[in-house]
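Here are some notes for a colleague who is opening this structure for the first time. Please read them beside the sequence and the model.

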Amino acid sequence: EHLDRLFEDLQKEVRRLCGAPPTEELGFRDTHTVEPGQQWRPALEAALSSCRSFVALYTPTYFRREYCGREWAAFRRRLEESRSPDAPLPALVFPVLWVRDPAGWVLPEAVQDVQYIHASFGDQYAEEGLHYLLRTEQHVEYQRFLTAFGRKLVAADRAHRLKPAPTQVSLAGLRAAFGSAVVESIRVTPEMLGEALSRRDDVGL
């Protein structure tokens, strides 16, 4: 229910910011876009081949799912192949902190270089995650996040305009980005979150 709301609200916000028609589908989500009876893998691979940004919901289970890791790896490869030599990686991966681990996050090495919090998203979001804002009906804080996140998404898309992959992405045999074990992980504590929120520069988003 809450995930459905985020998906619809984020599409509406992006439409509003970029002036897209209200009927235009701007996002892909397998449980919504793939019809019953349709093969889901080709549809997912087609979306990964053409999407211009990638939104990932950070949860403890997200990093344990093999296909989530394959999807991340597939989009990351597109970013690496699209950039010019010596150019930074286009900032088109957008993590959403869905739930917070009270003990502190342990992040796989593959995602450690991607910023997932920002001062404009609000303190409550950084402390508790977006699911908490929806579950407790924190409407003002939720709208604050939605507006700031949508603006960054649209701005990044306009800045980079990622082209479709020359050949369709294949998930078969692709090594999951997160792996079966985290070799070098970092634990993000509340103190580190506070330090990140005190910065006003954009890192990653």
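1. Buried is used here for a residue under 20% relative accessible area, exposed for one over 50%, and partly exposed for anything in between, with a 1.4 Å probe and protein chains only. Because its relative accessibility is 1%, Leu79 counts as buried.

2. This is a predicted model, in which local features need pLDDT of at least 70 and side-chain atom pairs count only at pLDDT 80 or more, while totals for chains, interfaces and linings use all residues. Residues are numbered from 1 along each chain as its sequence is written, and side-chain values use heavy atoms, with hydrogens and water left out.

3. Leu79 sits in helix α4, residues 66–82, where helices (H or I, at least four residues) and strands (E, at least two) are DSSP runs numbered from the N terminus. Leaving aside residues up to four places away in sequence, Leu79 touches Leu89, Pro90, Leu92, Val93 and Leu162, a contact being heavy atoms within 4.5 Å. From Leu79 to Ala91 there are 12 residues in sequence and 8.7 Å in space, C-alpha to C-alpha.

4. Helix α7, residues 139–160, has 22 residues and reaches 31 Å from its first C-alpha to its last, close to the 32 Å expected at 1.5 Å a residue; the expected span is 1.5 Å times one less than the number of residues. Just after α7, Arg161 takes a positive phi of about 45 degrees.
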